[in-house]
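Please look through the sequence and the model below before reading on. The paragraphs that follow take the helix packing first, then the nonpolar cores, and then some individual residues in loops.

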Amino acid sequence: MTAFRDAMHADQLAWKARRLPHVRGRGRWQGREYDHILPREAAALNLWPGLRSGGVRPLESWLIAQKVQPHKGRDNLLSSWTLCANLYFAFGGEPDGRAFVASFLRHRLGLPIAEVAEVELEYALPAPLDPGTLLGEHDGTRGANQTSPDVAFVARLDDGRSALVLTEVKFVEHSFYDCSGCKALDRTARAASCDRLDRVLADPNRLCAHAATRGRRYWDHLAGQMAAGVRTTQCPAARGGYQLFRQQALAEALVARSAFAEVVSSVAYDGRNAGLMASVPGLPSASAGWGAMFAGKALFATFTHQEWVRWVANASSAPAWVPDWLAWVSDRYGYGSLEHAR
């Protein structure tokens, strides 16, 4: 637990009491009930109304049509998966909304993005560009047990070439989590492999636990891309950077196969969550240090949810539903016009 997580927990319970006073039950997680989890029958209330049945872009029908498995913790008021849907998914449903995304990404990433064609959750491409083929994640499906970025923006550049922005979305998380392969090793084995990046790079197929025991291919795409002089002393996935590492590997694999002219691995996070970006050992900040570790073709970028909401709020024109969305995310998460008053 962190101070930020505790503050958001209190905020979300206050929002629930204010906006959902009729929801009496509690939701369950791993056999226990919690006040900050909605009961399954009230799950739709965790979404902005425009994402519910009959809204501007109904989420449930899209998940079914695309065969996407939503996160098991989606009913949690603190869920970053649900926050991702609430903040970004609605803008993919119509040209005007996608134009907002295109203008924001053009400004924030510095890429000549002319148009965003799709905004998709739990993004994955079909074979041979799927996570099974590229990363060795043969036991996963879209949304479960594979590297499917929380949201992806499929774009077209000014010159007509294609681009892809893969985005990991965070809310109250304290890190990007530890490598599950590393955690499975005993202390001696970790010290001889995961804690020695130089040794892993020399023989990743033998010394990376994920590669050696599960056939994961992350290092196939990253071992030759590590930039000299800006490395951590341990594997960047080992502690705190696992999700970033996997998404970076996917981005490099896709751009190397010319699936897209530009591929960006990015993070969207709450700007008040100061500990998140400092969670990768050896890096002063993931924002400043993660991308510098890699000299490949894929880019790395970060932006805050506050920056995104502010961009929408400052637009000169918007779809008719945007004022309602702005009021809702301000009331719910403290973004936008009310964020400094909370």
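At roughly what angle do the axes of helix 3 and helix 15 cross, and within what distance do they come? In this predicted model, the axes of helix 3 and helix 15 (residues 322-333) come within 10 Å and cross at roughly 155 degrees. Angles over 145 degrees count as roughly antiparallel, and helix 3 and helix 15 are therefore described as roughly antiparallel to each other. Their crossing is left-handed, and the contact is made by Thr 82, Leu 83, Asn 86 and Leu 87 on the side of helix 3, which meet Trp 325, Trp 328, Val 329, Arg 332 and Tyr 333 of helix 15.

The spacing of such contact residues can be read against a general rule. An α-helix has 3.6 residues a turn, so residues three or four places apart point the same way.

Helix 15 also packs against helix 1 (residues 3-19), and here the axes are 8 Å apart and the angle is about 125 degrees. Helix 1 and helix 15 are therefore oblique to each other. Helix 1 contributes Gln 12, Trp 15, Arg 18 and Arg 19 to this contact, while helix 15 contributes Trp 328, Asp 331, Arg 332 and Tyr 333.

In soluble globular proteins, nonpolar side chains tend to be buried together. The largest nonpolar core of this model has 60 residues, and those with the most contacts inside it are Trp 308 and Trp 325. Beyond its neighbours up to four places away in sequence, Trp 325 touches Trp 48, Asn 86, Leu 87, Phe 91, Trp 308, Val 309 and Val 312.

Asp 75 lies between helix 2 (59-66) and helix 3 (80-88), in the loop that joins them. Is Asp 75 buried or exposed? Its relative accessibility is 10%, and because buried means under 20%, Asp 75 counts as buried. Its side chain makes a polar contact of 2.7 Å with the side chain of Arg 40, and, neighbours within four places in sequence left aside, Asp 75 is also in contact with residues including His 36, Ile 37, Leu 38, Ala 43 and Asn 46.

Asp 270 is found in the loop between strand 6 (262-269) and helix 13 (286-289), where it is buried with a relative accessible area of 0%. Its side chain is joined by polar contacts to the side chains of Gln 306, at 3.0 Å, and Tyr 335, at 2.6 Å. Among the other residues that Asp 270 touches are Phe 4, Lys 170, Phe 171 and His 305.

Ala 292, in the loop between helix 13 and strand 7 (299-304), counts as partly exposed at 39% relative accessibility. Its C-alpha atom is separated by 31 Å from that of His 71, and the two residues are 221 residues apart along the chain.

Methods
Residues are numbered from 1 along each chain as its sequence is written. This is a predicted model: local features need pLDDT of at least 70, side-chain atom pairs count only at pLDDT 80 or more; totals for chains, interfaces and linings use all residues. Side-chain values use heavy atoms; hydrogens and water are left out. A nonpolar core is a set of buried Ala, Val, Leu, Ile, Met, Phe, Trp, Tyr and Cys residues joined through side-chain atoms within 4.5 Å. Buried means under 20% relative accessible area, exposed over 50%, partly exposed in between (1.4 Å probe, protein chains only). Contact means heavy atoms within 4.5 Å. Helices (H or I, at least four residues) and strands (E, at least two) are DSSP runs, numbered from the N terminus. A polar contact is a pair of N or O atoms within 3.5 Å; within protein, one must be able to donate a hydrogen and the other to accept it, and residues adjacent in sequence count only if both atoms are side-chain atoms. Axes are lines fitted to C-alpha atoms, for helices over the stretch in contact, and angles run from 0 to 180 degrees between N-to-C directions. Angles under 35 degrees count as roughly parallel, over 145 as roughly antiparallel, 65 to 115 as roughly perpendicular and the rest as oblique. A crossing is left-handed if the near helix is turned anticlockwise from the far one by less than a right angle, and right-handed if clockwise.
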